[in-house]
Amino acid sequence: PVITAGGDQQCAAFGNGILDSSSLLINSGTGAYLLSCLETPPEVQDHVICNTAAIPGRYLVETSVSPCAHRLNTFLANCYPELQGSHSKLDDIVTEVYYGQRQNDARAQSACGLYQSLAAAICPAKSRLPLCCQQAERIYLSGGLSQSAIYNQILADTAGRTLYRWRNVQSTAIGAFASAAVTLALFPDYLSALKAVRAYDSCDLYHPH
């Protein structure tokens with residue numbers, strides 16, 4: 001069988017457990033996106049895109065933020081060429097600055113400021129989404145930058161919310177597989193399919209300080 005599950009954002013949202021407006025996804029990749037899911041399409045709003053979701057009969061709403069990882073890669077190339085594009089080494093530097101263990105280092109301070117500016121741009125963008133999405137009970141993280149623990153912590157501190165990140169980061173593949181499993185009648189509904197796929201997975205939690 002050939003099965004169409006949805007685009008990458010739709011499948012990633014489903015794979016992260018974004019089934020309705022009670023959950024929200026911050027996807028930090030080359031750009032940053034905030035996504036949630038509704039049972040009825042919202043009114044047209046500036047800076048908000050509405051698509052059909054990976055779950056039939058539901059709608060994915062998303063809003064985008066300025067370039068995310070692209071800004072970080074540019075910063076690395078210009079200010080830390082000796083790191084040769086290593087985000088993990090930059091994370092160590094930012095962690096030391098953020099927790100006051102490295103001072104009087106202008107370049108490191110700039111790196112930490114970049115992480116904080118990304119979080120400061122992303123968190124307020126939630127206000128563009130419908131009110132029910134803004135009041136989401138859980139906020140999940142995905143995308144390449146979500147592999148950075150200090151970036152996630154700065155996001156949690158800026159948002160003032162506990163943030164969740166699945167340890168198995170292949171959310172797009174998980175969403176596509178769970179959707180296909182329902183289509184093939186291996187599971188009766190989308191929630192049970194997703195629970196089965198994530199049965200042996202767990203989330204890292206980032207609590208605000």
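Me: In which element is Asn73 placed?

Reply: Asn73 is part of helix H2; helices (H or I, at least four residues) and strands (E, at least two) are DSSP runs, numbered from the N terminus. The model is a predicted one, in which local features need pLDDT of at least 70 and side-chain atom pairs count only at pLDDT 80 or more, while totals for chains, interfaces and linings use all residues. Residues are numbered from 1 along each chain as its sequence is written, and side-chain values use heavy atoms, with hydrogens and water left out.

Me: Why does Asn73 count as partly exposed?

Reply: Asn73 counts as partly exposed because its relative accessibility is 40%; buried means under 20% relative accessible area, exposed over 50%, and partly exposed in between, with a 1.4 Å probe and protein chains only. The C-alpha atoms of Asn73 and Ser86 are 9.3 Å apart in space, and the two residues are 13 apart in sequence.

Me: Which residues of helix H2 are buried, and why do they lie on the same side?

Reply: An α-helix has 3.6 residues a turn, so residues three or four places apart point the same way. In H2 (residues 69–79), the buried residues are Ala69, Leu72, Phe75 and Leu76. They lie on the same side of H2 because they cover an arc of only 120° around the axis, the arc being that of the directions from the helix axis to the C-beta atoms. Ala77 and Asn78, on the other side of H2, are exposed. The cover over the buried residues of H2 includes strand S4 (59–67), helix H3 (87–98) and helix H4 (106–122).

Me: Which element has the lowest mean pLDDT, and which the highest?

Reply: The lowest mean among the elements belongs to H2, at 87, and the highest to strand S6 (residues 163–166), at 98; pLDDT is the predictor's confidence in each residue, from 0 to 100. For the protein, the mean is 92, and 100% of the residues reach 70 or more.

Me: What is the phi of Asn104, and what is that of Ala185?

Reply: Most residues other than glycine have a negative phi. Asn104 has a positive phi, near 55°, and is located in the loop between H3 and H4. Ala185, which is not a glycine either, has a positive phi of about 65° and belongs to the loop between helix H7 (171–183) and helix H8 (190–197). Asn104 is exposed, at 83% relative accessibility, and Ala185 is exposed too, at 64%.

Me: Is Ile26 buried or exposed?

Reply: Ile26, in strand S1 (residues 23–28), is buried, since its relative accessible area is 5%. Beyond its neighbours within four places in sequence, its contacts (heavy atoms within 4.5 Å) include Tyr33, Ile122, Ile139 and Leu155. Val65 is 39 residues from Ile26 along the chain, with 10 Å between their C-alpha atoms.

Me: How many cavities of 30 Å³ or more does the structure hold?

Reply: On a 1 Å grid over the protein atoms alone, a cavity is a set of points where a 1.4 Å probe fits but cannot get out, and lining residues have an atom within 4 Å of a point. The structure holds one of 30 Å³ or more. The largest cavity has a volume of about 40 Å³, a volume being the space filled by probe spheres set on the points, which are joined across faces, edges and corners. Its lining includes Gln10, Phe14, Cys37 and Leu60. Helix H1 (residues 8–15) supplies the largest share of that lining, three residues.

Key: On a 1 Å grid over the protein atoms alone, a cavity is a set of points where a 1.4 Å probe fits but cannot get out, and a pocket is an open set with protein on both sides within 12 Å along at least five of seven lines; lining residues have an atom within 4 Å of a point.
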